[in-house]
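I am opening a notebook on this structure. The entries below record what I looked up, in the order I looked.

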Amino acid sequence: MPLLFAHLMQTGFGGFYDGIAHLFLTPSDLLLVLGLALLAGQQGPQGGRLLLTLLPLSWWIGLAVGQRWGLDLTLALLSTVLFTSVGVLVALSLRLSVQVLAFTVAGSGLLFGLINGFTMPSASSGLPLDVLGVVSAVALLSVLISAQVAATRSTSFCIAVRVAGSWIAAAGLMSLGLLLKA
Amino acid sequence: MRWRWLLLALLLSLLPSAALAHVPEGGAGSVMAGLLHPVTGIDHVVAMVAVGLWGAVLGAPAIWLLPVAFPMVMAFGGVMGLLDLPLPGVETGIALSALVLGVLVMLQQRLPLAVAGMLVGLFALFHGYAHGVELPEGADALLFSLAFVGATGLLHLVGIGLGEARRLAWGHRLLQVVGAVIAVVGVWSLAQVGGA
């Protein structure tokens, strides 16, 4: 995975929008949030609430720590393994305990936040608007998708969710192979 | 007269290469390569469509179980191919997949779910392996993989859509014809493998 993807996108609209664009233009981050939202939604409203509480918070903590360290690392292999595993869990439609879900969400948020923080420079103005943008986008996407999944009971929609999980897992697996080959 | 102009416009639209003045690079190039990779071999295309078709013939839960399991097993095969792990008889397996699935669709044969899953899983392994061996160097791994998996899934969807025609009066005959065509492609592929 090119290092370019880890750096902050410049939209020209300021730090907040740069942060939002960063999530939507970074496939691995987007797939992780999508996968976690599908997984949390499969667990019902409680899963959705837990995701909305833990993911933005852990992402923000990871970002803050990463920005302090300032290393130029993407940890591509580790992040790919993580979102692939989340995809497998969604495809299998497993019922997880609250503890396991909380650990998965918080661990993922911390790791991906840390990777974001490594390569996102602190704002010269001192206002962490880019951080706010990333975390807001993570929260918004999480709540929209997990709520939709939790609220919809139709069989075909549940199948579509599982197919989406299998696509995330398959893309992650092939990506892992390409990374290992490189 | 107007319909002739419409026909001419449609024919001209079949010349997309005229618009491809620039070679796509970077992320866009990887997405394009990933989307096109599963549709560049006729044996792959018919087998992917046949998986969806046979899923529709088998009905629930196979109709959704096969499209959920296939991409993951195929990706596993892809990783094996990428890492040059040995898997004998890949080309024969791919040709057989078209032949066997084509015959199963043609006869509208319903096998037990476990047998169907294992059969399709085995074929997915062969297809994934072949794709893994042929994957282009320098592609953006994740964008390529996403596009590749998406294109494969869409081929399954085409098969499921075709398979749903069985609800119509002429649907069974259509499935027989499509299954026969897929089986013929399988025989042709087997002959190619034998001739090579």
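Where in chain B is confidence lowest, and where is it highest? I began there, using pLDDT, the predictor's confidence in each residue from 0 to 100. Helix 1 (residues 2–12) of chain B is lowest at a mean of 69, and helix 5 (residues 90–106) of chain B is highest at 89. Over residues 18–24 of chain B I found pLDDT below 50, and this stretch has two contacts in the model beyond near neighbours in sequence. I count a contact when the C-beta atoms of two residues, placed from the backbone, lie within 7 Å. For chain B the mean pLDDT is 81, with 85% of residues at 70 or more.

This is a predicted model, in which local features need pLDDT of at least 70 and side-chain atom pairs count only at pLDDT 80 or more, while totals for chains, interfaces and linings use all residues. Residues are numbered from 1 along each chain as its sequence is written, and chains are lettered from A and ligands numbered from 1 in the order in which they are written.

Next I looked up the secondary structure of chain B, which has eight helices and zero strands. Helices (H or I, at least four residues) and strands (E, at least two) are DSSP runs, numbered from the N terminus.

I then checked burial: 45% of the 196 residues in chain B are buried. Buried means 20 or more other C-beta atoms within 10 Å of a residue's own, exposed means 12 or fewer, and partly exposed lies in between, with C-beta atoms placed from the backbone.

I took helix 3 (residues 42–58) of chain B as a case. Its 17 residues should span 24 Å at 1.5 Å a residue, and the end C-alpha atoms are 24 Å apart, which agrees. The expected span is 1.5 Å times one less than the number of residues. Of the 17 residues, 15 are buried, so helix 3 of chain B is largely enclosed by the rest of the structure. Gly59(B) follows this helix with a positive phi, near 75°.

I also looked at Leu101(B). Leaving out residues up to four places away in sequence, Leu101(B) touches Ala47(B), Ala50(B), Val51(B), Trp54(B) and Ile182(B).

Last, I turned to where the chains meet. The contact takes 22 residues from chain A and 24 residues from chain B. Helix 7 of chain A gives the largest share of the chain A side, 17 residues. The predictor gives the complex an ipTM of 0.75 and a pTM of 0.81.
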